[in-house]
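Let's take a friendly tour of a protein model. Have a look at the sequence and the 3D picture, then read on.

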Amino acid sequence: MTEDGHIPTILDIQDKALLLPGRPQFWTSHHMAEFYQTTPFNVVRQMRRNPRRFPDDFWFELRDDEMTALVSHFGGPNRVNRGVLIGFTKGGALALSGVLRTPVADQVSVQIVRAVIAMEEAAISDARNMVARVHVEALRKKPIFGFIAMTVFSSGSISIASRKPPGGS
C-alpha cells in the first residue's frame with residue numbers, strides 16, 4: 001500500500017526494487033507488506049508456511065553486510081523484524097499473491113506482474129540499444145568492420161554474417 005492508502009502503481013513497485021552485488025533484483029519483506037497491505041511478519045510467516053510455493057530462487061535472507069548497505073546507502077529498513085530481512089525476487093513477489101489473503105492481494109499481484117513485465121521490456125530495450133551503440137562505435141573506429149553485417153532480430157538473437165568487400169574475391 002502506498003502511503004495514501006491506494007494500490008501501488010507500476011512506478012511505485014519499480015522504484016522499490018533493489019539491487020545488491022551478487023543478488024538478483026528484489027524487494028524486501030517490508031516492501032511486500034506495504035504493497036499487499038499487511039505486516040512484514042505476516043509476509044514472512046506465509047512464505048515459510050508455504051515452502052513449495054517459494055523455492056530457493058524466489059527468496060533469500062539478507063546477510064548482515066547487505067542489511068548494513070541497505071540502511072546506509074538506500075535508507076532501507078533496519079532490523080525491525082527480529083534480525084532477519086527477507087528479499088523476494090520477481091518470482092517470490094508474484095508467488096505472494098497466492099498465499100496472502102488481503103482484500104487487495106489480487107489487484108496488487110496484477111500491478112506487480114505489470115511492473116515486472118515493464119522492467120524486463122526496459123532491460124531488453126537497453127540491451128538492444130547497447131548492442132547498436134557498440135556496433136556503430138566499432139564501425140566508426142574500424143571501417144573494415146563495415147564488411148561484417150550484424151543484425152539484431154526482434155527476438156534479441158544476434159546473427160553475424162561475413163560479406164565480401166566490394167571488388168574483392
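## Where to be careful

Where pLDDT is low, the predicted coordinates should not be read in detail.

This is a predicted model, so local features need pLDDT of at least 70 and side-chain atom pairs count only at pLDDT 80 or more, while totals for chains, interfaces and linings use all residues. Residues are numbered from 1 along each chain as its sequence is written, and side-chain values use heavy atoms, leaving out hydrogens and water.

The chain's average pLDDT is 79, and 74% of the residues score at least 70. Confidence is lowest in strand β4 (residues 148–152), with a mean of 46, and highest in β2, at 94. Helices (H or I, at least four residues) and strands (E, at least two) are DSSP runs, numbered from the N terminus.

## Two aromatic pairs

How many aromatic pairs are there? The count comes to two. Rings of Phe, Tyr and Trp (its six-membered ring) pair if their centres lie within 6.5 Å; planes under 30 degrees apart count as stacked, over 60 as edge-to-face and the rest as tilted. F26 and F60 form an edge-to-face pair, 5.1 Å centre to centre with 75 degrees between the planes. This pair links distant parts of the chain, 34 residues apart: F26 sits in the loop between α1 (10–16) and β1 (27–28), and F60 in strand β2 (residues 59–61).

Buried means under 20% relative accessible area, exposed over 50%, and partly exposed in between (1.4 Å probe, protein chains only). In the other pair, the ring centres of F54 and F88 are 6.3 Å apart and their planes are at 70 degrees, so this pair is edge-to-face.

## The nonpolar cores

A nonpolar core is a set of buried Ala, Val, Leu, Ile, Met, Phe, Trp, Tyr and Cys residues joined through side-chain atoms within 4.5 Å. The largest has 26 residues, and W27, M32, Y36, F88, L96 and I112 have the most contacts inside it. Its largest share, six residues, comes from α6. Apart from it lies another core of eight residues, including L18 and F60.

Definitions and conventions: pLDDT is the predictor's confidence in each residue, from 0 to 100.
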